[in-house]
Amino acid sequence: MSPPAATISSVGIMKENLARNNLSETLLPNLALLLKKKIPALNGYWNKKQHEIFRDLERQASVSTSCGVNQETISQIKDFHTYPEIYKQFVSYSDCREFPMLINQVNKCSENHTFLLLAIKSVSKNFDKRQALRETWGREMEYRGLQVRTVFLLGTEKDGSGPDLQPLVKFESELFHDILQWDFQDSFLNLTLKDNLFLKWVTVHCPNVSFIFKGDDDVFTNTFGVLQYLESIEQHRAKFLYMGHLVTEASPFRDSRSKYYIPKSFYEGSYPPYVGGGGFVFSGSLAKWLYLISQYIKFYPIDDVYTGLCFQALQVVAQMNTEFQTFDIAEKERDNPCTHKKLLLVHQRMPQQLLRLWRRMQDPSLKC
């Protein structure tokens, strides 16, 4: 694809085009201008690959990728042999973006207007967590005329480490009609892929949704509080919302024992401001532009960092909301329903805790 030559003179023009659904003539040729200075051109493999994409865009050349192991690419990382196996898999297949959809919900947003879509990242074996959400904050409902719909985002588990759960997942989908599943191996480093596939799904099957909540299946979310907040914000803010627990001045973890480990040979530099992936809210109208821009930003193994990069490319500023507590709250408050009624999100809660908290919060006799 050869993007047309155009320029973006300011953030104001960017937002005007977003509001008018008119970015095809302005966004792609200026991606390098918008992000190039914020992504250091250092020796990390990812840094070099992303700057290659920038150069292609500046030359108005096609940006092409091919899915599959590329030995020439792997040879560019001198210490590739020291990478954990999950990292080797990510690097080898990080250009693979298209996977068959095994389970779809084509009518999820077809009835009335969906105000809030809850998109919950899960894995096949976590039925107990999904069911707890269906019985608490993740249940589909109408609240003061606002439609809330829910989908759970799944890959597959084909590594042979456990029993075949696919028949149960299919039955669960037939029972609840809220499973979206793609045919790729679920893993922590594939969450970026899962997010990308979901954005594509939204652009096709839920294009008019007002807001999207993206979160994990082990968080507690005060859905009524989120709805009240979204109802209250001004229209111009609603169009460009990207809100949650803001993380600033973060850098990669270099300890190989951490699940957030990033080898220095893979990426050098700090991270852009982003909101924690445990749970955040963004404007539904931005989904298609996030999907578009993501085609020109190389997949990064930490999904919330990658999402932050995509929003930054759109010049949408991450907003801090202190009622999103993705690093949990004081231990003495963790079972207090009144404390949770004042918050919008807390991480993490087990199914039994969710059920207990939700029931107590809905109790008419609760005095806070």
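Modeller: Let's start with a charge and a ring: Arg-134 lies over the face of Phe-176, at 4.0 Å from the ring centre. A charge sits over a ring if NZ of Lys or CZ of Arg is within 6 Å of the ring centre and within 35 degrees of the ring normal. Please keep in mind that this is a predicted model, where local features need pLDDT of at least 70, side-chain atom pairs count only at pLDDT 80 or more, and totals for chains, interfaces and linings use all residues. Residues are numbered from 1 along each chain as its sequence is written, and side-chain values use heavy atoms, with hydrogens and water left out.

Colleague: Over the ring of which residue does the charged end of Arg-97 sit?

Modeller: Here the distance from the charged end of Arg-97 to the ring centre is 3.9 Å. The ring belongs to Phe-299.

Colleague: Is Asn-196 buried or exposed?

Modeller: Asn-196 lies in helix 8, residues 191-205; helices (H or I, at least four residues) and strands (E, at least two) are DSSP runs, numbered from the N terminus. Leaving aside neighbours within four places in sequence, Asn-196 is in contact (heavy atoms within 4.5 Å) with Arg-97, Tyr-291, Ser-294, Gln-295 and Phe-299. Buried means under 20% relative accessible area, exposed over 50%, and partly exposed in between, with a 1.4 Å probe and protein chains only. At a relative accessible area of 3%, Asn-196 is therefore buried.

Colleague: How are helix 6 and helix 14 oriented to each other?

Modeller: Helix 6 (residues 127-134) and helix 14 (residues 351-362) pack at an angle of about 10 degrees with their axes 9 Å apart; axes are lines fitted to C-alpha atoms, for helices over the stretch in contact, and angles run from 0 to 180 degrees between N-to-C directions. Angles under 35 degrees count as roughly parallel, over 145 as roughly antiparallel, 65 to 115 as roughly perpendicular and the rest as oblique. So helix 6 and helix 14 are roughly parallel.

Colleague: Which residues in helix 14 meet helix 6?

Modeller: On the helix 6 side, Asp-128, Lys-129, Ala-132 and Leu-133 take part. The partners in helix 14 are Pro-351, Leu-354 and Leu-355.

Colleague: How many aromatic pairs does a search of the whole structure find?

Modeller: Rings of Phe, Tyr and Trp (its six-membered ring) pair if their centres lie within 6.5 Å; planes under 30 degrees apart count as stacked, over 60 as edge-to-face and the rest as tilted. Searching the whole structure this way gives a total of 27.

Colleague: How many residues apart in sequence are the parts that the pair of Tyr-271 and Tyr-300 ties together?

Modeller: Tyr-271 and Tyr-300 form an edge-to-face pair, 5.7 Å centre to centre with 85 degrees between the planes, and both are buried. Tyr-271 lies in the loop between strand 9 (246-247) and strand 10 (274-275), while Tyr-300 lies in the loop between helix 11 (287-294) and helix 12 (303-313), so the parts tied together are apart in sequence by 29 residues.

Colleague: Is Glu-249 buried or exposed?

Modeller: Glu-249 is in the loop between strand 9 and strand 10, and has a positive phi of about 55 degrees although it is not a glycine. Most residues other than glycine have a negative phi. With 77% relative accessibility, Glu-249 therefore counts as exposed.
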